Amino acid sequence: MGTPYRQIRAVYDEKTIRVYQAYRDEIANTALAKGTFVSPPFSMTRMTWIKPSFLWMMYRAGWGLKDGQTRILAIDITREGFEWALANSSLSHKPASDNSPPVRVQWDPERDLLLAPLDHRSIQIGLSGAAVQRYVHTWITGITDATSVARQIHEALNAEHIEQAHAALPSERPYPLSTSLQHDLEIL
C-alpha cells in the first residue's frame, strides 16, 4: 500500500513538531537571535505559511535560492499549538468569509528529491490574526537555520550524488491525528 493521498508527514517528538519557512536575511537573523519572530521585520498582520514537509519547502524556496527566500528556517512548535491550528482551520478550496477561522489549510502535491510533483498531497498551513500571535508568542520552542542543509542537498543533487542527497534529508514520518481532525482536514 502506498502513501495516502493526504497525510501530514513531519519531524516530531512527543512535545513538538517541526515546520519550515523561508525568509530574507533580516527576518531570519532576527528570529534566530531572539528564538522567535520579531515585528518588525516580521509582519504580524500578514498570513504566514508553515510547512511540515522539507521537500515542499525546498520546492517553494528553490533550495533557498529564490529572492526573498534565501534562508530556510526549521521551526519547532508545540504539538498542542499545531493541533490548535488544525482544529481552528478552514480548507482553502472552500470560500472564506468574515467569520472564517484564523487558519487556512491547503493540500498541494508533495515533491520528490528532484522537486517533481508526486501523486500524494502535503499540507501547508496559513496562520493569520490570533493564530500568528499564538505562533510567535506561545508555540515556538526553537528555531534552527536549515539553509546549509538545503544547500548541501542541492549541491549533492547537482553533482548527481542522489544517495548522499537522500541521506541528508530530515527523517519525516506520518503525524498521528485524531479521527475528528482527519475528518475536518478531508484526510478520511
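Student: How much space lies in the second largest pocket?

Tutor: The general idea comes before the number. Rolling a probe the size of a water molecule over the atoms shows where empty space is left. This model is predicted, and its second largest pocket holds about 160 Å³ of space.

Student: Which residues line the second largest pocket?

Tutor: The lining includes Arg 9, Ser 53, Phe 54 and Leu 55. Glu 110, Arg 111, Leu 169 and Pro 170 also belong to it, as do Glu 172, Arg 173 and Pro 174. At least two lining residues come from each of α2, β6 and β9 (173-174). Sorted by class, the lining has 5 nonpolar, 1 polar and 5 charged residues.

Student: What is the volume of the largest pocket, and how many residues line it?

Tutor: Its volume is about 500 Å³, and 20 residues line it. Nearest the centre of the largest pocket lie Ala 22, Tyr 23, Arg 46, Met 47 and Trp 49.

Student: Which elements each supply at least two residues of that lining?

Tutor: They are β2 (16-23), β3 (48-50), α2 (54-61) and β6 (103-111). The lining of the largest pocket divides into 8 nonpolar, 7 polar and 5 charged residues.

Student: Now the backbone. Where is there a cis peptide bond?

Tutor: Most residues other than glycine have a negative phi, and most peptide bonds are trans. In this model, a cis bond joins Ser 39 and Pro 40, with omega about -15 degrees. A cis bond also joins Pro 40 and Pro 41, with omega about 15 degrees. Pro 40 sits in the loop between α1 (25-34) and β3, and Pro 41 is placed in the loop between α1 and β3 as well.

Student: What is phi of Trp 63, and where is that residue?

Tutor: Phi of Trp 63 is near 60 degrees, a positive value in a residue other than glycine. Trp 63 lies in the loop between α2 and β4 (71-78).

Student: Is Trp 63 buried or exposed?

Tutor: The cut-off for buried is under 20% relative accessible area. Trp 63 has 5% relative accessibility, so it counts as buried.

Technical notes. Residues are numbered from 1 along each chain as its sequence is written. This is a predicted model: local features need pLDDT of at least 70, side-chain atom pairs count only at pLDDT 80 or more; totals for chains, interfaces and linings use all residues. Side-chain values use heavy atoms; hydrogens and water are left out. On a 1 Å grid over the protein atoms alone, a cavity is a set of points where a 1.4 Å probe fits but cannot get out, and a pocket is an open set with protein on both sides within 12 Å along at least five of seven lines; lining residues have an atom within 4 Å of a point. Grid points are joined across faces, edges and corners, and a volume is the space filled by probe spheres set on the points. Helices (H or I, at least four residues) and strands (E, at least two) are DSSP runs, numbered from the N terminus. Ala, Val, Leu, Ile, Met, Phe, Trp, Tyr, Cys and Pro count as nonpolar, Asp, Glu, Lys and Arg as charged, and the others, Gly among them, as polar. Buried means under 20% relative accessible area, exposed over 50%, partly exposed in between (1.4 Å probe, protein chains only).
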